[in-house]
Amino acid sequence: MATTTIQDRTRWDTLHKNGPFPLKFFLTTKLEKNSSGLNDFEKYNDAAAEIQKLIKQAADSHQRFRAIGSKWSMSNIAHAEDRMHFNSFMNLKFPIFEGEMHEDSTYEHSNLFLFQCGNQIKEISRFLERRGKSLKTSGASNGQTIAGCISTGVHGSTIDVGSVQDYVVGLNLIVGPRPKDVIYLERASKPALRDTYIQNFQARIIRDDDTFNAALVGLGSMGFIHGVVIEAENLYLLHRFVKKIDKARALELADTLDFSGFDPQIPGADFNGVRPFHYKVFTNPYSDEDKYPVEFIYKIKYYENYKADFGNPIPFQKEFVYLDLIYLFIKIAEKLPKSIPKLINLLKSSILPKEEKTTVGKLSEIFWDAGYQGRAFACSFGVDHTHSSKALELLAKLTRDNPVPGIFAMRFIKKSEATLAFSRFPFTCMVEIDGIQWSDKEKIISLQEYSKKMIEVLKDNNIPFTIHWGKNAAWDFPGLVEHMFGEDVKKWKKVREELLTVPMQEVFSAPFLDTTKLSEPLPNTEDLIV
Ligand SMILES: Cc1cc2nc3c(=O)[nH]c(=O)nc-3n(C[C@H](O)[C@H](O)[C@H](O)COP(=O)(O)OP(=O)(O)OC[C@H]3O[C@@H](n4cnc5c(N)ncnc54)[C@H](O)[C@@H]3O)c2cc1C
């Protein structure tokens with residue numbers, strides 16, 4: 001049997017210490033041992049039964065229950081005040097074979113895999129690479145869990161690919177303690193798995209596009225995501241090069257995403273006019289340099305001995321992690337806020353990527369581990385890419401007027417079909433500021449106030465925006481979620497109310513949902529025309 005340890009706790013915190021937040025119980029479920037003789041399907045179903053038992057216990061105690069992944073989100077989205085469940089030991093992996101495919105499926109079976117929720121991106125990549133496959137994209141680092149990634153909508157800067165949830169083709173949800181609360185969900189328009197295969201998981205099948213799209217970015221509140229079916233692709237290589245280019249050109253490329261007349265002039269390679277796989281612009285808001293460091297990544301064909309030609313990509317990537325030195329500088333900045341611009345300028349060589357060196361590697365090697373474990377903040381706004389330069393200018397000016405210890409970047413993502421994905425524009429530019437947390441007691445503007453001003457400045461300038469669910473924001477800003485997502489908020493709530501019974505909606509709620517009013521029921525579902 002899968003076993004769960006339940007620890008009494010008084011508080012819980014995120015990886016980057018954005019809390020602490022109050023907590024009663026911390027639960028960790030481990031799978032049945034290999035020596036038990038159970039096969040992987042049996043172990044998976046045994047874990048499902050254990051999760052249903054835990055959900056029932058929470059409901060019977062009138063308490064909330066929330067699954068967490070690697071606790072990498074910096075907002076309080078992963079927090080619940082009663083029971084939090086750590087998933088990382090739930091990491092079974094299933095390749096999908098030809099006979100397991102739905103008869104109308106257009107997917108290639110060898111690209112489909114079912115991963116249990118607690119699998120981290122890095123272990124999924126290792127598993128796929130052994131089979132000659134790769135994820136289509138990931139975030140900038142690889143320690144998040146697959147369920148955690150899709151629940152907030154994790155993205156890289158893969159212009160024409162999208163975010164992690166965009167290659168998910170099936171979801172196994174546990175929405176309550178009853179047998180019918182184990183659900184397998186996929187799109188009616190793109191079925192993937194054969195019913196007889198799904199029966200291995202004793203799951204009720206729902207094939208519906210709207211339901212699937214709403215559950216994809218579920219904010220931890222569409223039940224417990226037990227398994228995720230993803231579409232991978234054949235291994236490929238990424239050719240990465242960072243160089244400074246004229247600020248005006250970098251911004252023009254951001255606003256147009258038109259690379260047809262642009263030659264990045266990368267030594268030893270010809271990418272003239274080629275649209276990159278990934279385009280990222282870094283900016284220091286405190287510098288008026290006329291050039292910006294820009295990261296160009298191009299997708300190239302995989303071949304075995306690329307390391308003989310380009311060296312090992314990983315030691316080079318390691319150099320980009322934040323340094324503890326930054327933390328020391330921040331301590332100084334807290335005492336002397338006026339020094340922030342100078343300090344950031346001094347630090348830029350360690351926090352901006354090194355320029356003019358080609359790195360070639362697999363996705364998992366280019367987007368590698370995050371080293372820094374200390375206090376950090378990140379605010380990340382999505383705007384239509386045509387507004388990229390304007391949004392950056394407004395947010396950078398706000399930051400110069402109210403200095404905080406951070407550096408901006410812009411990344412670009414294709415639109416997602418997920419109802420509450422922040423990548424909701426045809427191409428979304430994520431304008432993000434990352435940095436080290438400071439103390440509210442000091443003379444620097446508070447993070448809450450700074451985040452509120454960021455929202456205000458975009459609203460005042462009529463720039464439609466979204467915010468990354470897993471990042472810091474003034475989430476209590478009145479009407480924020482409706483402002484960002486309009487009628488889609490109702491669509492999302494409607495699906496949640498269809499999938500979860502009223503008691504289960506409360507079990508799977510959390511302070512983040514209360515603050516954003518997403519836990520508030522729809523006024524009268526029957527009157528809704530959505
Ligand atoms: C170093 C670092 C780098 C980052 N880089 C990026 C980046 O490049 N791009 C980007 O978009 N974001 C990035 N982020 C943000 C982070 O990746 C996201 O917030 C992500 O969602 C965290 O995943 P996680 O596994 O840690 O989940 P958590 O933060 O633990 O949880 C996130 C959400 O998932 C839910 N959840 C987790 N498991 C389940 C489950 N089984 N069932 C239901 N709900 C579940 C939780 O309840 C919560 O709502 C970064 C964060 C850090 C700390």
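This is a predicted model: local features need pLDDT of at least 70, side-chain atom pairs count only at pLDDT 80 or more; totals for chains, interfaces and linings use all residues.
Residues are numbered from 1 along each chain as its sequence is written.

β8 and β13 pair in the antiparallel sense over five bridges. Strands (E, at least two residues) and helices (H or I, at least four) are DSSP runs, numbered from the N terminus. Two strands pair if DSSP finds at least two bridges between them. Six strands form an open sheet of mixed pairing, in the order β7-β8-β13-β10-β11-β12. Its edge strands, β7 (93–95) and β12 (204–207), each pair on one side only. Neighbouring strands of this sheet are turned by 20° against each other on average, direction ignored. Helix α5 (residues 209–216) packs on the sheet and touches β10 (168–174), β11 (182–186) and β12. The direction of α5 makes about 105° with that of β11. Axes are lines fitted to C-alpha atoms, for helices over the stretch in contact, and angles run from 0 to 180 degrees between N-to-C directions. Contact requires C-beta atoms, placed from the backbone, within 7 Å.

The ligand is surrounded by 34 residues. A residue is near the molecule if its C-beta atom, placed from the backbone, lies within 6 Å of it. The closest are Gly69, Gly139, Gly148, Gly220 and Gly470. β5 (65–68), α3 (146–152) and β13 (224–231) each supply at least two residues of this shell. The largest share, five residues, comes from α3. By class, the shell holds 15 nonpolar, 17 polar and two charged residues. Ala, Val, Leu, Ile, Met, Phe, Trp, Tyr, Cys and Pro count as nonpolar, Asp, Glu, Lys and Arg as charged, and the others, Gly among them, as polar.

In helix α2 (residues 121–129), the buried residues are Ile121, Ile124, Ser125 and Leu128. They lie on the same side of α2 because they cover an arc of only 100° around the axis. The arc is that of the directions from the helix axis to the C-beta atoms. Their cover includes β8 (112–116), β9 (133–134), α3 and α11 (363–366). A residue is buried with 20 or more other C-beta atoms within 10 Å of its own, exposed with 12 or fewer, and partly exposed in between; C-beta atoms are placed from the backbone.

Lys71, in the loop between β5 and β6 (83–86), has a positive phi of about 55°. Lys71 counts as buried because it has 22 C-beta neighbours inside 10 Å.

Methods:
Two residues are in contact if their C-beta atoms, placed from the backbone, lie within 7 Å.
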